[in-house]
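Me: I'd like to go through this one with you, starting with the aromatic residues and then moving on to the fold and the backbone.

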Amino acid sequence: DTGVSQNPRHKITKRGQNVTFRCDPISEHNRLYWYRQTLGQGPEFLTYFQNEAQLEKSRLLSDRFSAERPKGSFSTLEIQRTEQGDSAMYLCASSLQSVAKNIQYFGAGTRLSVL
Amino acid sequence: KQEVTQIPAALSVPEGENLVLNCSFTDSAIYNLQWFRQDPGKGLTSLLLIQSSQREQTSGRLNASLDKSSGRSTLYIAASQPGDSATYLCAFLPMDSSYKLIFGSGTRLLVRP
């Protein structure tokens, strides 16, 4: 078990291009989360999955954003027609749902720069 | 609105000092509260997690306390070292949406040699 893995670590793109990020959770974790963090701020929740079902989406997740978790394993976050305001760190976390604890383990993040 | 406030926003101390970072949150019905460390440009490292039923947790030179009634948590760092320099984030998991961590903006700590 190597923890939550995110790829790529850095992405530079031009405005208007599409980008896709990948997150591999800790194996056997049934919940997976996406957060976004802008400079000088704490992370903000975007969306989460329980197994393959996307159960909640923040209003921050505009229609240009789409997330998937096929087969309940890895997840992808796609941003279409990127804008400069999309520049941020995108963090993925996973957890094992339990009554006793609900601890989210975070990956190293993908830093997106939109030029 | 569920919010977390962290004070101070930035702190600079000489090596060896004991220090306290403060976190206040708006919701008394919490599942748990976590303190994270974040180095520049990096992801989050969980330092301490306090369950709703607990009052404090300790790990090495770190001690975190939780007072739900007042909506406050503190992170105490003993004998600070330059390697402690980082941003420290406080986050709580609300009972009514126990999937969404609510984060503060963090305290940027600089420990001077």
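Me: Which residues do ring pairs link into a cluster?

Reply: Keeping in mind that this is a predicted model, the ring pairs link A:Y33, A:Y35, A:F45, A:Y48 and A:F106 with B:F36, B:Y99 and B:F103 into a cluster.

Me: And how many aromatic pairs are there over all chains?

Reply: The count over all chains comes to 12 aromatic pairs. One of them joins A:F45 and A:Y48, with 6.5 Å centre to centre and 55 degrees between the planes, which is a tilted arrangement; A:F45 and A:Y48 are both buried.

Me: What about A:F45 and B:Y99, how is that pair arranged?

Reply: A:F45 and B:Y99 form a tilted pair, with the centres 5.5 Å apart and 55 degrees between the planes. This pair crosses between chains, running from strand 5 (residues 44-50) of chain A to the loop between strand 9 (86-94) and strand 10 (102-103) of chain B.

Me: Are A:F45 and B:Y99 buried or exposed?

Reply: Both A:F45 and B:Y99 are buried.

Me: Changing topic, what sits over the ring of A:F74?

Reply: That is the charged end of A:R22, which lies 3.9 Å from the centre of the A:F74 ring.

Me: Now chain B: how many helices and strands does it have?

Reply: Chain B has 11 strands and zero helices. Its C-alpha atoms fill a box of roughly 45 × 30 × 20 Å along the principal axes, and buried residues make up 49% of its 113 residues.

Me: Why does the radius of gyration of chain B agree with a compact globule?

Reply: It agrees because a compact globule of 113 residues would have a radius of gyration near 13 Å, and chain B has 13 Å. As for contacts in chain B between residues at least 6 apart in sequence, 56% of these join residues at least 24 apart.

Me: On to the backbone, which peptide bonds are cis?

Reply: In chain A, the bond from A:N7 to A:P8 is cis with omega near -5 degrees, and A:P8 is placed in the loop between strand 1 (5-7) and strand 2 (10-13). In chain B, a cis bond joins B:I7 and B:P8 with omega about -5 degrees, and B:P8 lies in the loop between strand 1 (4-7) and strand 2 (10-14).

Me: What is phi for A:N51, and where is that residue?

Reply: Phi of A:N51 is near 55 degrees, a positive value in a residue other than glycine, and A:N51 is found in the loop between strand 5 and strand 6 (53-57) of chain A. A:N51 counts as partly exposed because its relative accessibility is 36%.

Note on methods: Residues are numbered from 1 along each chain as its sequence is written. Chains are lettered from A and ligands numbered from 1 in the order in which they are written. This is a predicted model: local features need pLDDT of at least 70, side-chain atom pairs count only at pLDDT 80 or more; totals for chains, interfaces and linings use all residues. Side-chain values use heavy atoms; hydrogens and water are left out. Rings of Phe, Tyr and Trp (its six-membered ring) pair if their centres lie within 6.5 Å; planes under 30 degrees apart count as stacked, over 60 as edge-to-face and the rest as tilted. Buried means under 20% relative accessible area, exposed over 50%, partly exposed in between (1.4 Å probe, protein chains only). Helices (H or I, at least four residues) and strands (E, at least two) are DSSP runs, numbered from the N terminus. A charge sits over a ring if NZ of Lys or CZ of Arg is within 6 Å of the ring centre and within 35 degrees of the ring normal. The radius of gyration is taken over C-alpha atoms; the globule rule is 2.2 Å times the number of residues to the power 0.38. Contact means heavy atoms within 4.5 Å.
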